[in-house]
Amino acid sequence: MKLIEENTLSPELPDFFQEFTKPTKANAGIPDVSRRDFFKISGIAGGGLVIGMAIGNSPKAKAQGSELSTLSPYVQIQTNGRVNLFSKNPECGQGIKTGLPLIIAEELDCAWEDVDVVQADIDATRYGVQFAGGSLSTPMNWMAMRQAGATARAMILTAASQQLDIPVSELSTSNTKVQHAASGREWGYGEFAELAATIPVPDPSSLTLKSFDQFKLLGRRFTGVDNYDIVQGKPLFGADTQMEGMLYATYTKSAQIGGRARSFNEDHIKAMPGVVDAFIIDEVGNPKGFNTATGDMFSGVAIVAESTWAAIKAKRELEIDWDLSNAETATWDDLVDQARAIQHSDGEPLMMLAGGPGASIPTDNPASKGDAEAVMESADQVLSAFYEYPYVSHAQLEPETCTALYENGSIEIWAPAQIPQGGESSAAALLGVPQEEAAERVVLHQTRIGGGFGRKLANDFVSEVTAIAQRMEGIPIKLQWTREDDMSGDFFRPGGFHSYKAALDGQGNLVAWQDHFMTSTMNDVTPMTSADLNASVFPMDVIDNVKLTQTMFKNAIPTGPMRAPASNAFAFTFQGFMHELAVASGKSHVEFLMDTLGEPGLANPENPGSMHTGRAANVISEVARISGYEQDDNEAGRAKGLSFYFCHSGYVAQVADVSVSANKEVKVHKVWAVADFGFIHNLSGAENQMEGGIIDGISQLFNSKITFENGIIQQQNFHQYPLLRMPQTPELEIAFLQPEEFSPTGAGEPSMPPVLAAVTNAIYNATGERIRKLPLYELGYKLV
Amino acid sequence: MATLNINGQTMDIGEIDPSTPLLWVLRDELGLVGTKYGCGIAQCGACTVHLDGAPVRSCQIPVGNLSEQQITTIEGLAVADGTLTPVQEAWIEIDVPQCGYCQAGQIMSATALLNTNSNPSDAEIDAAMSGNICRCATYTRIRQAIKNAAAKMNGTAFYNAAEGGELA
């Protein structure tokens, strides 16, 4: 089987990633997947996820007197044989700090027990782009990490050959040891580390990488490398940064988004116990727009105090005079009314977007194709439906926090940032540090991130602490947002509306699709970040006649990417409507989906990043099989529902088994998930992402809604924005199809979207009530 | 000068605003940053510590209300030689954490449960853990880790796939 070494990045990569993610070479053509031949099933963790795993990285102090040799930016080896592997990207719970070093260790032929993982510093010259987003960390680094491991292994073998005077061809490696089969002798890597560090780096073309069946580590379950520290409460997170003489800061912005602080009760605040200073910071740039690297930030009042509590107490007594002349005035209910009023009309033709970071603009290319209107005229059945979903907050459990020390024109920052290099750029922009001096004068250390979900792709909190630290020169400052700051100051998942129409022919086949998409814009030209629709969403990617129009409502409620941007809402609307069509078609749901997918192949043969219908069909049929979805055992009040979605190069199908009581109490008994993310290199990590994604989706489905009135966010904390808790957690069963010809793609995002429609489709199957609006609590449903 | 009994030690907290929540005394004054701030209103459980063995939300306890109580934080669970508790071991063995930010609070709630109920049912686990939010949603693994920890403490078998099956 031909090995495809690099996955093609999704061509729909959000523009804010594009500067970090130049697409690599395209796949050399993906072979058709005949339904059952080329995949194997692994990792079915049934019955409540009883799993165990190899435990690596048991903590060991660096041995006294052991010398450290650096073979590459990724590999150091001590003379005592212990190996330091550097993890380049930020860890926010996606497991990358374990996952990337595992790949290096595999090709380096290390025993995992011999490895210590070190979080790499930010350094584009050594590590290239370093970020956590787009489910891209694994696919973008898969080959580079394998090469890093294989390179270091080759250097060790060369050094061993020279040192032992034995030809390389007679030496082999295993478990952090060099072996000589002829004599039966073996030596630890540490014995050759010093010489290996002087060996010229071999040409990548000279390296032989392992075939997948030679992997000893990859494919198994590994516990997270920081878990030993996490369970003991060791300082790992951004919030845990402590420095001698550190002061604590809060930053208070206008509740009405975009207000500018004119004055505040300065004398009172400064007289409060523990308060060291308090001052206004002016607005920079356009902070309502999602930004990762420009230093844009809202105006507000900074309070610097001797403790976090003193700063929070003073914050509560702030009386600020805001200039609201440029503040936001949008009200969610008004958007809903506007959308409902135009649901039966078309919008403007939707154009494909193009352009660089932060500047995507509509092209002259319409997203529509074929002639949907003509097909609908002559179709056997035409269905229409109006779907709506609200704004949603990330609610990562670590509120935004960041620590910085500014001295003599230079700044050092400790940040839980998903795009730390953007944090450096933001600080440099704010301080006016020219690019050629930025490497010297702006240094950012990445900390573990207490949850990202996309919120910490924005670096507004890095900008804020930079501005405060500059004012407090010479004193380390830790900025701590309150939960209320976080929830009202988010870059929200945007709400939106879809007015669908679709046509079935006489055989119940889907032949045309129409969507009038209603979304928000700040500039009347481009939708807000993560508020755009394109034609690659299933099923629009596989049918010939699609008409897409759009209406944009003018407002600047800040929006940004949240786990599976756009897909986290589209999966509900598109796959809910697909189930409506399946019911109308007279076919079974699975049959309707299979017929829509058609023959195995790329949805767009010219785009290797587009959905492969064979891989899609495989996850759907497999989840139907393991869940018994087609057994027709639905009964009044209890039924299963299915949904499929493709995004971030990942294929996921999920089935939910749901009971609905007479008073609309909903119990999700179990969710089955089958995914194809290519090869799974840390099974526990991939299962973790799937488990989290499913429960995240169910939580959003029932309870998540952010509203705004006159530009003021109405939810402040978890009592107004409840998250799912343990008693509501369903049983989960997860399986991965691993077609051997595909290298791994990311699991963090595609794991989440389908479950929303799986549950709403199940509710329909159990009760006959079709759900076209989120969240479910507003429809009287309660998750129990 | 005020003192607190924390993790078996008497700790001096100096002159401090008595309204200061225990959470911020731990984090800012004593450097015990394992206890986390998540919401400040006792909704998320990230700040859970033990007060005389009972799980409490440290964001809601003014330090001025404390005197002789024994306070245990996440830093006080493992013994000084680094030996972890069965709960901590179980957490590692089945790879519970994702981001990990809530896990100190989860472990404190789980530990308090097992200290009073060595063999909790699913319903008892759900009830004891329902005050702790995990935004990454590691709930199924937390539930299993509690069962594994209980089995370790009781000397009964639990399933460990890495070892190929039942362990004594």
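In what order do the five strands of the open sheet in chain B stand?

View 1. The order is S2-S1-S5-S3-S4, with mixed pairing. Strands here are DSSP runs of E with at least two residues, helices are runs of H or I with at least four, and both are numbered from the N terminus; two strands pair if DSSP finds at least two bridges between them. S2 (9–14) and S4 (54–57) of chain B are the edge strands, each with a single partner, so one side of each has no neighbour in the sheet. On average, neighbouring strands are turned by 40° against each other, direction ignored.

**View 2. Strands S3 and S4 of chain B, with helix H3.** S3(B), residues 48–51, runs antiparallel to S4(B), and four bridges join the two. Look for Val49(B), which sits opposite Val56(B) in S4(B). Helix H3(B), residues 103–116, packs on the sheet and touches S3 and S4 of chain B, its direction making about 35° with that of S3(B). Axes are lines fitted to C-alpha atoms, for helices over the stretch in contact, and angles run from 0 to 180 degrees between N-to-C directions.

**View 3. Where chain A meets chain B.** Here 56 residues of chain A are in contact with 57 residues of chain B (C-beta atoms, placed from the backbone, within 7 Å). H19(A) gives the most to the chain A side, with six residues.

**Notes.** Residues are numbered from 1 along each chain as its sequence is written, and chains are lettered from A and ligands numbered from 1 in the order in which they are written. In this predicted model, local features need pLDDT of at least 70, side-chain atom pairs count only at pLDDT 80 or more, and totals for chains, interfaces and linings use all residues.

How values were computed: Two residues are in contact if their C-beta atoms, placed from the backbone, lie within 7 Å.
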